[in-house]
Amino acid sequence: MSDEKSIQKELKEEKKEEAKIEKTVNSLKVISWSALAIGIIAIIIGVVAVISIPKTSAPGASSAPTSIAPTPIPNVSVNSSLAPIYVNGSLITPPMSLPDAPVITQNQSFGSRLTNINQPFNATELAIINNASNSYFEEAGMMYLNGTINGVGVQPSLSPMLIVNGKPSVIYLGAISCIYCSENKWAMALALSRFGKFNVLFKGYSSFGDLDIPTIYWAPAEYNASSGVDFGNFYNSSYINFISIDYVSPIRAGFEIQSLPYFLSKVQSTGSAPYAAALNLITKLNNFQGTPYSIWGKFVVAGADAVDFGNTITNQPPLPLEYMTHEQVLSQLSNPKDMFALREYAAADLYVAMVCASINNTAPVCSLPAIQKIESINGY
Amino acid sequence: MERLSNLKQILTNKYYLAEFIVAFFIYFLAYLYIINLSRLIIISLFSEFIILLLIASSSLVLVAATFVLRNASKALGYAGGFFSAFFSLMGSAIVSCGCQAPILASLLYIIGLNTLEVTSFLSFFSFYNIILIFIFILINLLLLYYYLGKSSQYTEKGKKKILSKVFTK
């Protein structure tokens, strides 16, 4: 009898426990179904996001240039009009050297190399950028058009032109620590040299955490500062303005960037209306996707125009560019025979074509057949 | 220990083992697709190692969730599947989040954020992406622990245990 009672008691307890579990499962079911619904929505949003990111534009990748239909340029997703923005005011001329960030002269090993950081380019080095032959641009442009060069080009979107003191502007927002900015600056400098001259350029590197890639600094960089912004450069042109903004952080650390409000607060202290207008324009465009970010006249290039880390197609270290000195990079650019240098020129061609389209092809470089073809094929 | 032996039992079933392998490959391909689409550089081997850990843990969660779906609760199973995919894809999107993060940024614009907010997120992700991936791995492990607990009564061993209890009574 007592056994029967205890079994019944146990069964009762089990039933109670089952009811409790069922209750918990039911409440968990509600949570689970909600999570599932959120998940499906998130996946849909994710798919839309993947579809909507700018695609690489390689017109020659699949067919000959003559048979390529003009690539439509997606409209910028802003409500603002594309009417130019007019600003008058002085641009920023940075100091030639920084006491807290001196030139390092010791020869250091790759990966933790800051040799010649903040050192101005000498006349020969500067001439490689400023006086590059138009034939290099033409050759690389044609190779881009016939598909021999790949990995170059991002579909740009439209932006209102920032007209500063009567000239359209090229705006650059980057970070000294950033690997893509470092690589992209070589192409940028080549492109800008077609419309004007750099009076000074400086040797620099991406951060150690971002592979220590040799690059150009537009101005001496506060590479020891915990956080800051370098405004300005030494560029002169009768066609365009160059507005350059670089976030600075410890070069021996990894990649770092701050949010746009930080840049906006920093620009106030410079008192430069054109730089403030440039940052306001970037804020208004709502298409910033990281650095480098640049506006070439009326075209926004969100990201690097070329992903070119030396003669390689891999995206995993070691990358050839990591193990090159500035002299080696410049030597390749002075006589572009390999893919790395040609890709830099091809990337520059795209920037040149965007500026040409923004200034009604008034600069001599705009008459290069490759530039004209890129303009027409890419729909600039 | 009981949960570990549950996992072992589940994975001894060839269908679940196949599901684990297929899930691992699909998540890994998705990761490769995401970084190639964004033309990202894998900065360090460490990043690659932790993304592989995340993918493996997500695949295990998927297997455990499928087991629960088939034997216990459909809703719990579906939710587990979602979490598994979500953490693996999210981890893939932010693992190389540095200078450029086009997919993540597009996602943030689509959900209605503006440039100022998006740059704050990108700044946050660039600082804490590795820590976030570790958190995802930890959540995956907790989910796995939970699902293996749920599945205990449905494994061969669990069933035998229940039967032995009933017959003892």
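**Entry 1: ground rules**

I start with patches, which are made of residues with over 30% relative accessible area and no salt bridge, where like charges are joined within 9 Å and nonpolar side chains (Val, Leu, Ile, Met, Phe, Trp, Tyr) within 5 Å. Accessible areas come from the Shrake-Rupley method with a 1.4 Å probe, and for residues only the protein chains shown count as cover. I note that this is a predicted model, in which local features need pLDDT of at least 70 and side-chain atom pairs count only at pLDDT 80 or more, while totals for chains, interfaces and linings use all residues. Residues are numbered from 1 along each chain as its sequence is written, chains are lettered from A and ligands numbered from 1 in the order in which they are written, and side-chain values use heavy atoms, with hydrogens and water left out.

**Entry 2: chain B**

I looked at the make-up of chain B and found seven helices and zero strands; helices (H or I, at least four residues) and strands (E, at least two) are DSSP runs, numbered from the N terminus. Of the 169 residues in chain B, 51% count as buried, where buried means under 20% relative accessible area, exposed over 50%, and partly exposed in between (1.4 Å probe, protein chains only).

Which residues make the nonpolar surface patch of about 510 Å²? I listed B:Phe124, B:Phe127, B:Tyr128, B:Ile131, B:Ile135 and B:Ile139. B:Ile139 sits in helix α6 of chain B and counts as partly exposed because its relative accessible area is 31%.

I then moved to B:Leu144, in that helix α6 (residues 115-151). B:Leu144 is buried because its relative accessible area is 9%. From its C-alpha atom to that of B:Phe124, 20 residues apart along the chain, I noted 28 Å.

Helix α5 (residues 102-110) of chain B came next, and it is mostly covered, with seven of its nine residues buried. Among them are B:Pro102, B:Ile103 and B:Tyr109. Just after α5(B), I found B:Gly112 with a positive phi of about 105°.

**Entry 3: salt bridges**

A salt bridge here is a side-chain nitrogen of Lys or Arg within 4 Å of a carboxyl oxygen of Asp or Glu. How many salt bridges are there over all chains? The count comes to four.

I checked A:Asp246 and A:Lys185, whose side chains meet in a salt bridge at 3.0 Å, N to O. This pair links distant parts of the chain, from strand β10 (residues 241-248) for A:Asp246 to helix α4 (residues 179-192) for A:Lys185, 61 residues apart. Both A:Asp246 and A:Lys185 are buried.

I went on to A:Lys203 and A:Glu327, which form a salt bridge with their closest N and O atoms 3.1 Å apart. Is A:Lys203 buried or exposed? It counts as buried because its relative accessibility is 2%. A:Glu327 counts as partly exposed because its relative accessibility is 36%.

I also looked up A:Asp308 and A:Arg343, joined by a salt bridge at 3.3 Å, N to O. A:Asp308 lies in the loop between β12 (299-302) and α7, and A:Arg343 in helix α8, 35 residues apart. A:Asp308 counts as buried because its relative accessible area is 0%, and A:Arg343 because its value is 5%. Salt bridges that share partners join A:Glu125, A:Lys203 and A:Glu327 into one network.

**Entry 4: a serine in chain A**

I found A:Ser358 in helix α8 (residues 339-358) of chain A. A polar atom of its side chain lies 2.8 Å from the backbone oxygen of A:Met354. A:Ser358 counts as buried because its relative accessibility is 7%.

Which peptide bond did I note as cis? The bond from A:Thr291 to A:Pro292 is cis, with omega near 0°, and A:Pro292 is in the loop between α6 (273-285) and β11 (293-296).

A:Asn116 is not a glycine, yet it has a positive phi of about 70°. I placed A:Asn116 in the loop between β1 (85-87) and α2 (123-130), and it counts as buried because its relative accessible area is 16%.

A:Leu211, also not a glycine, has a positive phi of about 75°. A:Leu211 is in the loop between β6 and β7 (214-217) and counts as buried because its relative accessibility is 9%.

Notes. Polar contact = N/O pair within 3.5 Å; in protein donor to acceptor, adjacent residues only side chain to side chain.
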